[in-house]
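Please read its points alongside the sequence and the model.

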Amino acid sequence: QPQQPQQAGTASEGRGAAARRRPTQAGSMADRGARRHPMERAGLLSWMTLHWLNPLIRLGARKPLEMNDLPSVPQALRVEELGKRLAHVYRAERDKVDAYNRKHSPKKPKKVIFLLVLLKCFVRE
């Protein structure tokens, strides 16, 4: 007789067996995407002191971390979004500096201060 594929989480496995089973790579990404990133839940003090990382650090102290232990990166912190935000803030700052230079036509024109752009872009609002 051909063997039937085993169903995930059957009653004969018990409650904890399904939780202990290692998810597939695709499944782990979906599982991780469903959880909110701890940084999104952190208050200002927790965010500044990186206190929101403590549960992950404790888990890493107990066992080697695996990819499915890590939360997914929030959409707002993905490279595509950060690049768009940086480009938008830089263009706005450049336009402001250009307008100032046209209006005042200084001998030594103002320049865009990239550190200011980064602060405007990435400091929490």
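**Note on side-chain contacts**

1. Lys 120 is partly exposed, with a relative accessible area of 39% (buried means under 20%, exposed over 50%, partly exposed in between, with a 1.4 Å probe and protein chains only). The model is predicted: local features need pLDDT of at least 70 and side-chain atom pairs pLDDT 80 or more, while totals for chains, interfaces and linings use all residues. Residues are numbered from 1 along each chain as its sequence is written, and side-chain values use heavy atoms, without hydrogens and water.

2. Lys 120 forms a salt bridge with Glu 93, with 2.7 Å between the closest N and O atoms (a side-chain nitrogen of Lys or Arg within 4 Å of a carboxyl oxygen of Asp or Glu). Lys 120 belongs to helix H7 and Glu 93 to helix H6, so the pair ties together parts 27 residues apart in sequence (helices are DSSP runs of H or I, at least four residues, numbered from the N terminus). Glu 93 counts as buried, at 8% relative accessibility. A network of salt bridges links Glu 93, Lys 96 and Lys 120.

3. How many salt bridges are there by this rule? The count comes to five. Another one joins Lys 84 and Glu 81, whose closest N and O atoms are 3.8 Å apart. Both residues lie in helix H6 (residues 79-104), three residues apart, about one turn of the helix. Lys 84 is exposed at 53% relative accessibility, whereas Glu 81 is partly exposed at 29%.

4. The charged end of Lys 110 sits over the ring of Tyr 100, 4.4 Å from its centre (NZ of Lys or CZ of Arg within 6 Å of the ring centre and within 35 degrees of the ring normal).

Key. Helix = DSSP H or I, 4+ residues; strand = E, 2+ residues; numbered from the N terminus.
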